[in-house]
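Colleague: I have the chain open on my screen and would like to go through it with you. Could you put the sequence and structure up here first?

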Amino acid sequence: MSRKKNRPDTELGYRLTQIRLENNLSVSEVAERIGRDKATISRYEDGRINPDAETIKAYSQVFDVDPNWLLGWGKNQKFSEERFRELWEQHGIALWAELNR
């Protein structure tokens, strides 16, 4: 027997739901923007499956959020210019290559 969940089981799922709701988007609208189907987006949000790295990157770009925040590794939702400069100083060319894959 399946039951409807009221909130995501994972921090990642919670944050994916949070940014969708903050942007007043439906699951279908997110699916279109991210390039995944509606059922997959729902599974990400309720924690049944985890998005791959490309999907995390897509969420980060579409919603202008720090991927570290999405994954629960960072405290700042927005990927600020200050944070970018800090990372650039630490990682330089490797960061540039990763951001431009």
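Colleague: Among contacts in the chain between residues at least 6 apart in sequence, what percentage join residues at least 24 apart?

Modeller: The share is 43% of the contacts between residues at least 6 apart in sequence, where contact means heavy atoms within 4.5 Å. Please keep in mind that this is a predicted model, in which local features need pLDDT of at least 70 and side-chain atom pairs count only at pLDDT 80 or more, while totals for chains, interfaces and linings use all residues. Residues are numbered from 1 along each chain as its sequence is written, and side-chain values use heavy atoms, with hydrogens and water left out.

Colleague: How many helices and strands does the chain have?

Modeller: There are 6 helices and 0 strands, taking helices (H or I, at least four residues) and strands (E, at least two) as DSSP runs numbered from the N terminus. Read from the N terminus, the order is α-α-α-α-α-α.

Colleague: And what percentage of the residues is buried?

Modeller: Buried residues account for 34% of the 101 residues in the chain; buried means under 20% relative accessible area, exposed over 50% and partly exposed in between, with a 1.4 Å probe and protein chains only.

Colleague: Let's turn to charges. How many salt bridges are there?

Modeller: The count is 4, with a salt bridge defined as a side-chain nitrogen of Lys or Arg within 4 Å of a carboxyl oxygen of Asp or Glu. One of them joins the side chains of Glu11 and Arg15, at 2.8 Å from N to O. Both residues belong to helix α1 (residues 11-22), where they sit 4 residues apart, about one turn of the helix. Glu11 is partly exposed, at 43% relative accessibility, whereas Arg15 is buried at 13%.

Colleague: Which residue does Glu45 pair with?

Modeller: Glu45 forms a salt bridge with Arg20, at 2.7 Å from N to O. Because Glu45 lies in helix α3 (residues 38-46) and Arg20 in helix α1, this pair ties together parts that are 25 residues apart in sequence. Glu45 and Arg20 are both buried.

Colleague: New topic, packing. At what angle do α2 and α4 pack?

Modeller: Two packed helices are described by the angle between their axes and the distance between the axes. For α2 and α4 the angle is about 105 degrees and the axes are 10 Å apart. That makes α2 roughly perpendicular to α4. The axes are lines fitted to C-alpha atoms, for helices over the stretch in contact, and angles run from 0 to 180 degrees between N-to-C directions; under 35 degrees counts as roughly parallel, over 145 as roughly antiparallel, 65 to 115 as roughly perpendicular and the rest as oblique.

Colleague: Which residues meet there?

Modeller: From α2 there are Val30, Arg33 and Ile34, which meet Thr55, Ala58, Tyr59, Val62 and Phe63 in α4. The residues of this contact divide into 6 nonpolar, 1 polar and 1 charged, where Ala, Val, Leu, Ile, Met, Phe, Trp, Tyr, Cys and Pro count as nonpolar, Asp, Glu, Lys and Arg as charged, and the others, Gly among them, as polar.

Colleague: Last one, where is Gly72 found?

Modeller: Gly72 sits in the loop between α5 (67-70) and α6 (81-99). Its neighbours within four places in sequence aside, Gly72 is in contact with Glu11 and Arg15.
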